[in-house]
Amino acid sequence: MEGISLEELQLAARNHGMPLEALRYPVTPVGLHYLLIHYDVPAVEPDAWRLAVGGLELSLDELRARPAVEHIVTMECAGNGRARLEPRPVSQPWILEAVGTARWRGTPLAPLLEEAGVPDGTVEVLFTGLDRGIEGGDEQAFQRALALEEAMRGEILLAYEMNGAPLPPQHGFPLRLVVPGWYGMTNVKWLSRIEFLDEPFAGYQQSWSYRVRQSEDEAGEPLQRMQPRSLFVPPGIPEFLTRERTVAAGEVSVEGRAWSGLAPIASVEVSDDGGSTWAAAELEPAGEPWAWRGWSFRWDAQPGEHVLCSCARDEAGNEQPVEPPWNLGGYANNAVQTVRVTVTP
């Protein structure tokens with residue numbers, strides 16, 4: 001495999017994943033939540049900032065005065081797992097940690113769209129952030145669009161708080177879009193403008209990036225909802241460089257969390273022999289509909305070398321694959337996690 005480039009290291013230094021031991025928290029502390037910033041964190045003067053929605057303009061105070069709700073939402077980067085593909089697509093080199101769960105507070109999107117007046121013939125709603133940069137050779141703001149019927153879902157938020165505090169600058173202050181169930185690129189940060197479109201949006205982040213394709217000649221399929229995934233809270237203690245784990249023999253409580261944007265989690269299975277045999281884990285009671293679900297497994301750890309795996313299945317029958325599905329952008333790699341563990345006598 002080709003080595004990590006300086007450009008990729010630069011991206012990795014700006015963006016960070018959630019340490020997997022933070023899976024023990026039902027809601028991820030803000031500083032541990034994964035973070036991906038495409039361009040720069042924009043400078044925003046909150047008193048001067050306005051959100052344009054059709055012909056309306058609203059200040060942050062006016063948005064905060066509207067009816068508010070809170071949702072606990074698991075958010076995952078579409079590129080999570082990219083660095084585990086071979087050949088490795090060159091981009092932000094995520095391994096498995098590009099995920100987090102936060103408590104978002106804001107005002108529902110749909111009533112504001114209705115108040116602004118949805119024009120006849122609208123097919124999509126376009127969301128534009130204040131962050132600007134160059135990608136694909138074009139200068140652009142970060143923009144994503146949703147089909148009108150999707151944008152009118154009741155759970156979609158214009159969020160101004162994260163875990164009970166104002167959005168921090170890196171997470172989109174003063175306002176961001178939160179679309180439960182969808183991969184992170186849809187949740188536009190530093191939101192400044194919402195527009196109604198009478199034809200599908202053809203901007204870079206929609207028509208080229210975030211599409212699953214095998215070659216540059218393909219149009220590809222757009223990424224939308226998160227595929228099922230399960231991850232371990234790392235058991236035992238790590239070796240510093242390799243992160244391989246060591247535990248003492250005996251009964252070991254293994255735990256983790258699972259999620260899917262397609263349907264609620266139905267089951268998680270665990271293997272200690274690299275996937276040759278599997279056993280059912282115990283699921284925590286179902287909680288918030290858009291948040292990950294905890295699971296646990298009592299492992300009779302015998303001395304020797306083991307490879308732990310976990311596999312999630314959702315209620316729609318979607319299941320993690322054993323082998324990662326390769327694509328040009330390195331997206332939606334939800335192959336089962338493997339964790340090497342040495343069990344000492």
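**Exercise 1. In this predicted model, find which residues lie nearest the centre of the largest pocket, and describe its lining.**

Solution. Leu20, Arg84, Ile95, Glu97 and Arg243 lie nearest the centre of the largest pocket, whose lining comprises 27 residues. Next, look at the elements behind this lining: α1 (6-14) and β22 (337-344) are those that give two or more residues to it. Of the contributors, β22 gives the most, namely four residues. Finally, the volume of the largest pocket comes to about 890 Å³.

**Exercise 2. Describe the second largest pocket by its volume, its lining and the elements that supply at least two residues of that lining.**

Solution. Start with the volume, which is about 640 Å³. The second largest pocket is lined by 28 residues, and nearest its centre lie Val90, Ser91, Glu135, Ser209 and Tyr331. At least two lining residues come from α1 and at least two from β5 (124-135). By class, the lining of the second largest pocket holds 14 nonpolar, seven polar and seven charged residues. Taking both exercises together, α1 supplies residues to the lining of the largest pocket and to that of the second largest pocket.

**Exercise 3. Determine which residues of helix α3 are buried and how they are placed around the helix axis.**

Solution. Helix α3 covers residues 109-116, and its buried residues are Leu109, Ala110, Leu112, Leu113 and Ala116. View the helix down its axis: the buried residues of α3 fall within an arc of 165°, so they line one face of the helix. Now step past the end of the helix. Just after α3 comes glycine 117, with a positive phi of about 90°.

**Exercise 4. State how many disulfides the whole structure has, and check cysteine 309 against the cut-off.**

Solution. The search covers the whole structure and finds zero disulfides. For cysteine 309, the nearest cysteine sulfur belongs to cysteine 311 and is 9.2 Å away. A disulfide requires sulfur atoms within 2.5 Å, and cysteine 309 is in no disulfide.

**Exercise 5. Decide whether cysteine 77 and cysteine 309 are buried or exposed.**

Solution. The cut-off for buried is under 20% relative accessible area. Cysteine 77 has 6% relative accessibility and therefore counts as buried. Cysteine 309 has 2% relative accessibility, so this residue also counts as buried.

Notes: Residues numbered from 1 in each chain as written. Predicted model: local features only at pLDDT ≥ 70, side-chain atom pairs only at ≥ 80, totals over all residues. Heavy atoms only, no water. Buried < 20%, exposed > 50% of the residue type's maximum accessible area, 1.4 Å probe, protein only. Arc of directions from axis to C-beta. 1 Å grid on protein atoms, 1.4 Å probe; cavity = no way out; pocket = protein on both sides within 12 Å on 5 of 7 lines; lining within 4 Å. Points joined across faces, edges and corners; volume = space filled by probe spheres on them. Nonpolar A, V, L, I, M, F, W, Y, C, P; charged D, E, K, R; others polar.
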